[in-house]
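Please take a look at the structure below. A short report on its two chains follows.

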Amino acid sequence: MTLDQLCAMEICVVDEDPIRAERLSSLLRDKGGFRSVSWVDSQESLKQRLTPASPFDPPTPLQLALLSDSFAMGDVLSVCRMLDEKGTTSVLMADEGETWRGVEASRVFDAGAVDILFRPWSDSEVVPRISLALRVHQERMTRRQREVRLEEELAERRVMEARLKYRVGHDELTGLANRGRLEGVLELALIKAQNFNRPGALLYLDIDQFKLVNDTEGHESGDKLLSGVAGILRRRVQPRHLAVRIGSDEFAVLLENTSSTVALQLAEDLREALHDYRFEGRLGCYNLGASIGVALLLPSEKLEAGELLSRADQACHVAKKRGRNRVHCYDAADPEVVGLKRDATWVPMLREALRNGSFTLEFQPIVRARDGACSHYEALIRLVENGEMHAPGEFIPSAERMGLIHQVDLWVVEAAVDRLATIHQVDDQEPICMSINLSAYAFRNPVLMPLLERKLEMTGISPRRLMFEITETAAVTQLEQTRELVERMRTLGCRFALDDFGSGFATFNYLKHFPVDVLKIDGTFVVNMLKNPTDELLVRSMVNVAHSLDKKVIAEFVEDEATAVRLREIGVDYLQGFYLGRPQSQIKPMHSPAFSGVAAAAAGTGS
Amino acid sequence: MSYLHASDSSFNFAPPPLSPRDLVRGEITLSSLPALYHELNRVLETPGNDAQDAAQVIERDPALAARLLALTNSAYFGLVRRVDTVAHAITLIGLQELRTLVLTMVVVEKFKGLPNDLEDMTSFWRQSMVCALVARGLSLKAGRASTAGRLFSAGLLHRVGDLLIFRRLPELAHQAFLRRRDNGFPLWEAEQQLLGLDYGVVGAALAEFWRFPPELVELLAFQQQPAKAKICQRHCALLCLAVNAAHGRDVPLGDASWRLAEVSPQVLAGVRVESDRQVAEVARVYGISC
């Protein structure tokens, strides 16, 4: 604080003796340099001095009041207090004597005074003491302002915290609790269920028509729909339970201390209420529906919050699969759940495999029946996980369901062509060919053809050496699209085979127009052929049909010599099976020792 | 060991929950009343001051003086002769009632223009005005003419806490509103569940901050639970009936309020009809459109 500021402060002398007051005032003005020193002669005029002219004006400032003790002691104290409340510091002026000593003095200080000046005083002493009092006043005000501000800030913070806490736990659009809040509450509910024997249930709701409304009417209508759904939940769900919006069109309701029958009843009620709800959009009216999954919190079961949530989610998934607008209670034995679980374990492994290349190929020889020559191999994908090898039958269904199949197809094509390119070609031998299996979804893969073309160009491999296989069922169910793919591949120069031929028991009629080169007879006919005349008959007729349409035939699952011999007699062109060679990681060009004739075969059964 | 214990507990610091005071404190511009009200308070508290002194203070605000005269001449007081000086009006009203009337005028003046997305302010003030008139009517019927003014003020300001809640905790207020709409809870109960406080206690905190008479603070605080009141249980009960009537809710006959208020449902029904007649005029005096 500068001296100038100090001198500008308002000082008021309160003394009914005008001469005394005047002497002090002029002393302060002349010696102290204080510019605004005023004088009032009574308590009343002091109050008036402090009261603003109009009630809406700010109070008139007064920093320091010099009070003469000429009125009764109680009055002095109350005036001190009153001044203190208004932010004025007071200094008491008293005659030298026994009053205002000890306890009395301390009461004056308690009331807010900062100093007592005893008359008669020396002029030289007064000025510094008044200066000091003003400085103390300044300190006090600063401290008070800080305290007030601090308190304001704390209050403000608590209000903000309350709002923030609310926002963190709630969904902005619907005002329902959000997923984070549910997880917290779920933990508690599980503990209650287990320790206090309070059963409960978690409902997981998926609004069936939401996507339709959102896509055709726009997000605004979608949001309105969600608010409507939230309103239904709020009305139907007691406040002691928790209604949650998990995300987009998924909601959940946590029912605590509720028996399973009541929970299922409520789920049914909710389903009905949502089914009855008609949403008025801009373009028309929509009837909603909800698939509701129920997971029970049973006291007997120890569960994690995440597990319970995923159970409810899975049950909801099952409800959706089974036709929507229904309630389904979680059951670990549901086939949909089992499939989901398998997917859940396979998907991360598949992703990992696609990233790190833990897929590998094995090659099974396909032998020409006529002379046992082997220049053709089928490439078979394997997934290696911790040294364990998984066959495609285990993970391909999951890959198909979870949309990873395209990438798997691409990987197989790329890896097989690469492998083919590394094989050293001996001039006088037939070039090695390779069969590559494609999934039923391959024709939907826009990248597959460009990749194949590029690969062939880069490696310089003749397309004749590639043969693609697709299962008969996949081909027949999407005949047109598959034909297109087959034609494009054949235009490129690749060959095409129908895998598992005969297993679909489809009519052979389509074959007339289906441009494949090879039919691969389903192994199940081949395995029992020798024991079952019907199977043999079927194989014969398939071979006849194929040959009459000018297509080659491969028989798989050839597991013993007798079958091989019989198949050759029937006229099958190529043979494949454990008898002729198991799938292996290396391609070894060979003249199959097992099939150089009956005698040689008899000698080489150990292969 | 004791040292450890002490430090443990000091680390175990949990922020105190949101209190009604917090809502009042942060919003200093909204929470502060014009100096006039405090000055009037001071004049009235000083022994020996009379209507003339109070009139001097009020006449410094011409708008307030006009309002006070309009109110005195309205059907609300039902005087035969026309009153045309503030001092005369004050003599008729009485100094104590004057204080609460001026108080409500000042508060309503302060809050009536407050914008708000959560509730239609016209119906908000209409509801408050109905509540005020019913509370006053009940008080007169119950033979408590001396406190009619106080009950009127309490009724008019019974939801003043909500204005603060709406402004400072809009999301939570909205949620409470939804809970009332969808679950059928009374608003104050929905607020208690969600905020841990309701418009009553916030209003009481505000009243305390403004240094309203302690009876008025208690009326606001316990307007829904008169049995908890300490100073003026019966008035609280009367206010409780008025509030519920204004909110369109029937208080079940077995409720403690009826017993504490010592009035019958028939009386309430009569007062209700009468208040409907007065509401437009008195609202006009307060500058509220409804």
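## A partly exposed aspartate

D500(A) has a relative accessibility of 24%, so this residue counts as partly exposed. Buried would need a value under 20%. D500(A) sits in strand β18, which covers residues 495-501 of chain A. The backbone here is worth a look: phi of D500(A) is near 50 degrees. That is a positive value in a residue other than glycine.

The model is predicted, and the values in this report are computed from it.

## Two other backbone features

F557(A) also has a positive phi, near 60 degrees, and is not a glycine. This phenylalanine lies in a loop of chain A, between β20 (552-555) and α20 (561-570). F557(A) is partly exposed, because its relative accessible area is 41%.

Which form does the peptide bond from R119(A) to P120(A) take, and what is its omega? The bond is cis, with omega near -10 degrees. P120(A) belongs to the loop that links β5 (113-119) to α6 (123-169) in chain A.

## Chain A overall

How many helices and strands does chain A have? The counts are 21 helices and 22 strands. The chain has 607 residues, and a compact globule of that length would have a radius of gyration near 25 Å. Chain A has 47 Å instead. Along the principal axes, its C-alpha atoms fill a box of roughly 145 × 60 × 50 Å.

Buried residues account for 49% of chain A. Take the contacts between residues at least 6 apart in sequence: 68% of them join residues at least 24 apart. The accessible surface is about 29,600 Å². Carbon and sulfur atoms supply 51% of that surface. On the charge side, chain A carries 73 positive and 89 negative side chains. The centres of these two sets lie 1 Å apart.

## Confidence in chain A

Mean pLDDT for chain A is 85. Of its residues, 94% reach 70 or more. Residues 598-607 are another matter: pLDDT stays under 50 over this stretch. The model gives the stretch 9 contacts beyond four places in sequence. Where pLDDT is low, the predicted coordinates should not be read in detail.

## Buried positions in strands of chain A

Is S90(A) buried or exposed? S90(A) is buried, since its relative accessible area is 0%. The residue is part of strand β4, residues 89-95 of chain A. Beyond its neighbours within four places in sequence, S90(A) contacts A65(A), L67(A), C80(A) and L83(A), as well as G112(A), A113(A), V114(A) and D115(A).

V294(A) is buried too, with a relative accessible area of 0%. Its strand is β11, residues 290-297 of chain A. V294(A) and L264(A) are 30 residues apart in sequence, yet their C-alpha atoms are 7.4 Å apart in space. L264(A) is also one of the contacts of V294(A). Others include A201(A), L202(A), L203(A), A267(A), A315(A) and V327(A). H328(A), C329(A) and Y330(A) are in contact with V294(A) as well.

## A buried loop residue

Where does I461(A) lie? I461(A) is in the loop between α15 (448-459) and β17 (466-471) of chain A. Its relative accessibility is 7%, so I461(A) counts as buried.

Setting aside residues up to four places away in sequence, I461(A) touches V417(A), L420(A), A421(A) and L456(A). A421(A) is 40 residues from I461(A) along the chain. The C-alpha atoms of this pair are separated by 6.7 Å.

## Chain B

Chain B has 18 helices and 0 strands. The C-alpha trace spans about 75 × 45 × 35 Å along its principal axes.

In chain B, 56% of the 290 residues count as buried. Among contacts between residues at least 6 apart in sequence, 66% join residues at least 24 apart. The accessible surface of chain B comes to about 12,600 Å². Carbon and sulfur atoms hold 54% of that area. Chain B has 30 positive and 30 negative charges, and their mean positions are 3 Å apart.

How values were computed. Residues numbered from 1 in each chain as written. Chains lettered and ligands numbered in written order. Predicted model: local features only at pLDDT ≥ 70, side-chain atom pairs only at ≥ 80, totals over all residues. Heavy atoms only, no water. Helix = DSSP H or I, 4+ residues; strand = E, 2+ residues; numbered from the N terminus. Rg over C-alpha atoms; globule rule 2.2 N^0.38 Å. Buried < 20%, exposed > 50% of the residue type's maximum accessible area, 1.4 Å probe, protein only. Contact = heavy atoms within 4.5 Å. Areas by Shrake-Rupley, 256 points an atom, 1.4 Å probe, with all protein chains shown as cover. Lys, Arg positive; Asp, Glu negative; His and termini not counted. Charge placed at Lys NZ, Arg CZ, Asp CG, Glu CD. pLDDT = per-residue confidence, 0-100.
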